[in-house]
Amino acid sequence: MVKRLISANASEILSMSAQELKQSIKASEGRVILSENVAPRESFIGDITNSEIAGAFGADLILLNGIDVLKPDIFAIGEYEGSFVDRLHDLVGRPIGVNLEPVDTSADMVEERAEIAVGRQANSETLKQIETLGLDFVCFTGNPGTGVTNAAIIDTVKKAKEHYSGLIIAGKMHGAGVDEAVADLNVIKSLVEAGADIILTPSIGTVPGFDKEDLKEAVKLAHQEGALVMTAIGTSQESSDPDTIKYMALQNKICGVDIQHIGDAGYGGVATVENIFAMSKAIRGQRHTVSRVARSISR
């Protein structure tokens, strides 16, 4: 059996297969944190990556947003050979994933569509590329205004299983500019059937009308179908005060989620660092927080 992620060393984490990583997350009993950060944006420190910042304040998983996987640009990554994923593994000692967006050009939009590069979209070329790069996981979701639909996400998960061997996270954290339900039980079931390992839902308190009962139902269904659940703070509330973050985190944990995502809308494209730390202390306490931030990546 694998070691739970919150207690594992970098060498153990980076040697895990996709399914071992999934089991390691499950074994952590709702105490895993994923930090999303805007990879190309200059960090507020100025000479290190946002991934390093997030890891230093308690993130267990690093999700890169805004990255063109066909023409990768990561601020302050420095010189490297091979894949940027290998370089980030060396820098942070944590699993690395990217957002790919299943854009639906026929979507019924409620706001002006935001156009994004082909290398940020989910398509056959990018699905093959993330396998080549060695990314540990991929998240199929939509940034604001990109026109990503649940139907397109489901279809993308099916296609991804043909090209990609890593963990698949799929779902919506907000509307992405589309006039449809963000979290729907039928969609969740379809995502799991399509091959998603982890279902993405909004966090409590992030989108109107999505409450604890909705989240409990989503978690119950996903777990019954063999998937894990990740809640997302993706509506800029990642830069709220720490008390707000702690409330959200505890409510999400009560509902049974396995991973808690904290978004990138802070200074320099990463969540306010105090809030990553506050989330960590809220859902796993001082001991496991210190264990994560102090544990050398050389172990």
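**Figure 1. Salt bridges in the predicted model.** In total, 11 salt bridges are found in this structure, a salt bridge being a side-chain nitrogen of Lys or Arg within 4 Å of a carboxyl oxygen of Asp or Glu. Side chains of opposite charge can pair when their charged atoms come close. This is a predicted model, in which local features need pLDDT of at least 70 and side-chain atom pairs count only at pLDDT 80 or more, while totals for chains, interfaces and linings use all residues. Residues are numbered from 1 along each chain as its sequence is written, and side-chain values use heavy atoms, with hydrogens and water left out.

**Figure 2. Close-up of Arg31 and Glu29.** Here a salt bridge joins the side chains of Arg31 and Glu29, at 3.7 Å from N to O. Arg31 counts as buried because its relative accessibility is 13%, whereas Glu29 is exposed at 57%. Buried means under 20% relative accessible area, exposed over 50%, and partly exposed in between (1.4 Å probe, protein chains only).

**Figure 3. Close-up of Asp60 and Arg284.** The closest N and O atoms of this salt bridge between Asp60 and Arg284 lie 2.6 Å apart. Asp60 sits in the loop between helix 3 (50-56) and strand 2 (61-65), and Arg284 belongs to helix 10 (residues 273-294), so the pair links distant parts of the chain, 224 residues apart. Helices (H or I, at least four residues) and strands (E, at least two) are DSSP runs, numbered from the N terminus. Asp60 and Arg284 are both buried.

**Figure 4. Close-up of Lys189 and Glu225.** Lys189 and Glu225 meet through their side chains in a salt bridge of 3.2 Å, N to O. Both partners are partly exposed, Lys189 with a relative accessible area of 33% and Glu225 with 32%.
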